[in-house]
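Please look over this model before our next discussion. My notes are set out as numbered points.

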Amino acid sequence: MRYSKTLIPTLKEIPAEAEVISHTLMLRAGMIRKLAAGIYSLLPMGVYVTKKVEGIIREEMNRAGAQEVLLPAVQPAELWKESGRWEEYGKELLRFKDRHERDFCFGPTHEEVITDLISKEIRSYRQLPLNLYQIQTKFRDEIRPRFGVMRGREFIMKDAYSFDCDEKGVDESYNRMYDAYCRIFERCGLKFKAVEAETGVIGGSFSHEFMVLADSGEEGIVFCNSCDYAANIDRAEIRTKENGDGGENKEERKEIKKASTPGMKTVEEVSKYLKVRPQDLVKTLIFESENGIIAALVRGDHQINETKLKRFLDSNILLLAGDEAVREVTGAPSGFAGPIGLNIAIFADHGVKGMQNFITGANEIDAHNINVNIGRDFEIKGYGDIRNVKEDDKCPRCGKDANIKRGIEVGHIFKLGTKYSQMLGATYLDSKGEERFIIMGCYGIGVGRTVAAAIEQNHDENGIIWPMPIAPFQVLILPLNTNDTMVMETSEDIYTSLIDKKIDVVIDDRDERPGVKFKDADLIGIPLQIIIGLRNLKEDNIEIKTRRNGEIFKCSVDAVADKIIKLVRQDA
Ligand SMILES: [Zn+2]
């Protein structure tokens, strides 16, 4: 590819719209441009990388025995009504009508379409197992699209669906996909963790997320270096020994007192003011749930996890109560709630169990209760694991130190069971001729997000540093003196010989100053640069520079191609 003939509109400035480094660099390296909120055009460099990632995904999916299909992006409402998700999915589902006033949506995922297809085409156990995948454009109408292609509304996704006769079969399909995903992200050159995860709106009984480790990641993950425990923060269990043990604390119950805490709202402010530790406080949070308003208590130094609380309460709805509701229930504005005297169900984290003489809000402005005790002053309706794992928590499996890191979710695999096959009537006849529901799994990879995550993990102050397997090009030739015939002819010769040897190569044939070429080269992040200047050419001493660590290899013109092939293979 010739630089002068393509479109790589690099930018010097950091674009104002960019919030994370991958977004900044994809804009600056001329890979993407925004069309509307969460909707991006992929320019040539963006397409080259995307195709590389898709290529790896295809190879590994095919190797795992999956078959590629291509399903429609536009889907009729009837199918979504059958599965119940026309109502359930909410505003993320982009709905519209055709000219006949029929309802349609732009597919955010394809469980309905594929299950419908399977229900019509599969009759017998002899046709199973089956795993079908596609790489296709989806649309989810995110309320707050951000971070460029990382959380866009329109995005490219690989989704796969497995169909099995029984539990053993679906376990095998799931494990095969798990292994395929590990190979895919390894081959993309990414550092990742597979973590136990929540099933969310897709449903199902069991799932893993594949998380690329990056500080900018939106999700917390907990993992152990001593054993293989790894879970999403919403899923990660609190080790029971640290859960408190319900009344072992034999401290004498002191008399309850009210303390004035003028202007003090946060745990930090109150504990400093009252000269106690944050863990001597108990936070009271008021939520609106399916079964009305409830209070949830966590220790002062702990953070409530709303997903865990939602699961614990078995409520489909959970919202932090608004000011008005809080005032109605507690008699005070938000920030002063306490458990004493509340006329609603009170639930608490295990960490609150066994606490004595603690401090809570007093349900009035600028006051806290001191020496509060469970049982004497108020009752707890139930204890649960409703908080986030914290730095000093231990691994729930082996008890060694737990690690907490941030990650970007690039893949998600689910064991769906028969949820969709029951809704949409996908059955097969078993060997005895009995009709049974097909057992399903579904498996997604965010292609664009994988590209962005790769940048989050591979960059420096000068730009992107592509891992070789997904680099848009493996080699960039930089002729420095475009007016010099010898420089240009040699560069062209090397360019042609590398193409003949099946190397992905781009030549910067632009009539630009060397400084401009070097800056762009580092920004777009091609792993190997061949630098051809008049001086080094005269000495037959051409430079090959690696983008990752700036290492320079010198070699003669004749030896360049062999050296490049060696370097490409070494990283591929
Ligand atoms: Zn462990």
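1. **Basis.** This is a predicted model, in which local features need pLDDT of at least 70 and side-chain atom pairs count only at pLDDT 80 or more, while totals for chains, interfaces and linings use all residues. Residues are numbered from 1 along each chain as its sequence is written, and side-chain values use heavy atoms, with hydrogens and water left out.

2. **Overall make-up.** The protein chain has 15 helices and 31 strands. Both are DSSP runs numbered from the N terminus: helices are H or I with at least four residues, strands are E with at least two. Along the principal axes, the C-alpha atoms fill a box of roughly 95 × 70 × 50 Å. Of the 572 residues, 54% count as buried. Buried means under 20% relative accessible area, exposed over 50%, and partly exposed in between (1.4 Å probe, protein chains only). Take the contacts between residues at least 6 apart in sequence: 68% of them join residues at least 24 apart. Contact here means heavy atoms within 4.5 Å.

3. **Domains.** The chain is divided into domain 1 (3–236 + 404–455), domain 2 (242–384) and domain 3 (473–571). These bounds come from an automatic or database domain assignment. The centres of domain 1 and domain 3, taken over C-alpha atoms, are 38 Å apart. Their contact takes 11 residues from domain 1 and 11 residues from domain 3.

4. **The interface of domain 1 and domain 3.** Together the two domains bury about 1,000 Å², 69% of it on carbon and sulfur atoms. Buried area is the accessible area (1.4 Å probe) that two parts lose on being put together, summed over both. Five residue pairs are in polar contact across this interface, both residues at pLDDT 80 or more. A polar contact is a pair of N or O atoms within 3.5 Å; within protein, one must be able to donate a hydrogen and the other to accept it, and residues adjacent in sequence count only if both atoms are side-chain atoms. On the domain 1 side, α1 (21–28) and α2 (44–63) each supply at least two residues. The largest share of that side, three residues, comes from α2.

5. **Which salt bridge joins these domains?** The count between domain 1 and domain 3 is one. The side chains of D504 and K52 meet in a salt bridge at 2.8 Å, N to O. The rule is a side-chain nitrogen of Lys or Arg within 4 Å of a carboxyl oxygen of Asp or Glu.

6. **K517: what does its side chain reach?** K517 sits in helix α13 (residues 514–524). K517 is buried yet has no salt bridge; D508, the nearest side chain of opposite charge, is 4.3 Å away. For charge, Lys and Arg count as positive and Asp and Glu as negative; His and the chain ends are not counted. A polar atom of the K517 side chain lies 2.9 Å from the backbone oxygen of D508. The K517 side chain also reaches the backbone oxygen of R510 at 2.9 Å. Beyond neighbours within four places in sequence, the contacts of K517 include L478, P479, T482 and E512.

7. **G515.** This residue is in helix α13 too. G515 is partly exposed, at 39% relative accessibility. G515 and A29 are 486 residues apart in sequence and 16 Å apart in space, C-alpha to C-alpha.

8. **K390 and D301.** The structure holds 43 salt bridges. One of them pairs K390 with D301, the closest N and O atoms being 3.4 Å apart. K390 lies in the loop between β20 (382–384) and β21 (402–417) and D301 in the loop between β15 (292–299) and α8 (306–313), so the pair ties together parts 89 residues apart in sequence. K390 is partly exposed at 24%, whereas D301 is buried at 18% relative accessibility.

9. **D385 and K308.** These side chains meet in a salt bridge at 3.0 Å, N to O. The pair links distant parts of the chain: D385 is in the loop between β20 and β21, K308 in helix α8, 77 residues apart. D385 is partly exposed, at 22% relative accessibility. K308 is buried, at 1%.
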